Amino acid sequence: MGKQHAAVVGLAEWRPERVWPRPMFSLEACAELAALALADAGVDKREVDGLCLGGIYESPMFAPSAAAEYLGIRANFAEVVDLGGATPAGMLWRAAAAIEVGACETVLVLCPSVIPPRPDGAKRGKLDFPIYLGGDAWGSPQGAFEIPEGLVAATPSYAMVAQRYMARYGLREETLAKIAVDERYNAQFNPDAIFYGKPITVEDVMRSRRVCDPLKLLEIVMPCFGGGALLVTTAERARRARHRPVFVAGFGEHLTHKSITYAPDLLDNPIRVAAERAFRMAGVDRKGVDVVLPYDCFTITVLVTLENAGFCGKGEGERFVSEHSLRWDGDFPLNTHGGQLGAGQPGLAGGLGHLTEAVRQVQGRAGGRQLKKCDVAYANGTGGMMAEQVAVILQGA
Amino acid sequence: MGTRHDSQGRPLPLVNATTKPHFDAARERRFAMQRCPRDGFFFYPRSRCPTCLGADWSWQTASGRGVVHSFTIDRAGHVPALARLAPYVVAIVELDEGPRCTARLVDCDVERVHVGMRVEATYEDVEGGTVVHFRPETAR
């Protein structure tokens, strides 16, 4: 058995929206998400003494104390996590670890990804996307050497992972397309998914616009807005909560580079180390996992993650994806909520979706896509350019 | 900012004291790279060697040659000034001295670029400086 010190007992998740209909400040989003997660868990706000958060635009500095003050929480543990798409998974294990060592007892994990109102009161449904992802900061190596050469946003970097994979192992583009298709199938059973009611075929993916070879439009996440939260507490408190406690049984985190240029190996990704640590800690092997929820900013991310996390061998991803159904009702249920490719990528909350889905499946709350048996979930986050990677194993009590 | 933009909105490097020797050499059509006496060459320019954190490195003129480790044909461009250049190839080049460097691959048929292709540095004078790209290797 893995760790049984801290458990997820509640969650909140807004439906992702391409155009955010309710402009609000991040702190306002935190307050609403916190209220929803506490109500879901049946836990009183006064029990909360820890905060893990990110994306607090009204407080670029001192965000944890700003949130504690705004939400009226006396925190014994509070921090901002900055791991890109791996941030929510990084928050979850930090919350669990803080609880295990006795730093605090009940932690709110808050991932707002909303649009603030404009000072002039004008309507605004979209936010200016920081296309350089902060890489243009003064002194940044990316700013001097990579952005001027066209290594901008994330797509070219992941495309180069795919191209390297093709050269190293061989890979049919249709195999990558199948990942998008199977995830989109799952989204048809998630009414909150951006692409609910819009199934696609391999031909649709193959015919979609080539953005950065070999990646095509339908292999790339749809950026959108939303928000979510998790409530994590002690094993003792979790036993008295409303839902089945979901233990953070194991976790691992690994990072070595920011730019894909300097990744030690484009195909030997940090998630290999992170997942190995998580599985060892949880005392679970890959065959003991009921649902696999890998971060999926692009199709290639899923393929290399399946290999590196040990669900198949290096270079076996093509055969694995071809031979298995990744549908929720298939033989290898993967991103049963539709993943980000099917449900949307609401900023920071995009990586939270893998965790909320893990919790829902283990708690038996996944509605029309509920797995018959789900006691152990594997989820991971990937930040930046296959850079920050965090794996978690969640296990039902 | 680490990136400036020319009058057409094209992103260009904003040089600082650490990176200046590299860009000064580029103006002279040389690919300059730091070399640590213990750990060899490293790139991008740093104040200390990323292996031993020693500060006794020296600037060297490197070959500016290497192989395409990976690449993509970028058909989007992501910002308007880059979109005007699309489709273009962005490549991670493994330099013969060891380190990797990502740059655009120019003077080539974008559809014929492949992993393992030999390339060499080529230099473009731009507003207020020089930038380094790669192109298919010519005979030595």
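Analyst: What follows describes the cavities and their linings, and then a few backbone features.

This is a predicted model, in which local features need pLDDT of at least 70, side-chain atom pairs count only at pLDDT 80 or more, and totals for chains, interfaces and linings use all residues. Residues are numbered from 1 along each chain as its sequence is written, chains are lettered from A in the order in which they are written, and side-chain values use heavy atoms, with hydrogens and water left out.

Rolling a probe the size of a water molecule over the atoms shows where empty space is left. A cavity here is a set of points, on a 1 Å grid over the protein atoms alone, where a 1.4 Å probe fits but cannot get out, and its lining residues have an atom within 4 Å of a point. Grid points are joined across faces, edges and corners, and a volume is the space filled by probe spheres set on the points. By this rule there are 2 cavities of 30 Å³ or more.

The largest cavity holds about 100 Å³ of space and is lined by 14 residues, with Ala144(A), Phe145(A), Glu149(A), Phe23(B) and Val132(B) nearest its centre. At least two lining residues each come from helix 4 (141-146) of chain A and from helix 1 (20-27), strand 8 (100-105) and strand 10 (129-136) of chain B, where helices (H or I, at least four residues) and strands (E, at least two) are DSSP runs numbered from the N terminus. Strand 8 of chain B contributes the most, with 3 residues. By class, this lining has 11 nonpolar, 2 polar and 1 charged residues, counting Ala, Val, Leu, Ile, Met, Phe, Trp, Tyr, Cys and Pro as nonpolar, Asp, Glu, Lys and Arg as charged, and the others, Gly among them, as polar.

The second largest cavity, with a volume of about 40 Å³, is lined by Lys3(A), His5(A), Ala6(A), Ala96(A), Ala97(A), Glu100(A), Val248(A) and Phe251(A). Helix 3 (87-100) and strand 8 (246-254) of chain A are the elements that give two or more residues to this lining, and helix 3 of chain A has the largest share, 3 residues. Its classes are 5 nonpolar, 1 polar and 2 charged residues.

Turning to the backbone, the peptide bond from Asp213(A) to Pro214(A) is cis, with omega near 5 degrees, and Pro214(A) sits in the loop between strand 5 (210-212) and strand 6 (215-216) of chain A. The peptide bond from Phe43(B) to Tyr44(B) is also cis, with omega near 5 degrees.

Terms used: On a 1 Å grid over the protein atoms alone, a cavity is a set of points where a 1.4 Å probe fits but cannot get out, and a pocket is an open set with protein on both sides within 12 Å along at least five of seven lines; lining residues have an atom within 4 Å of a point.
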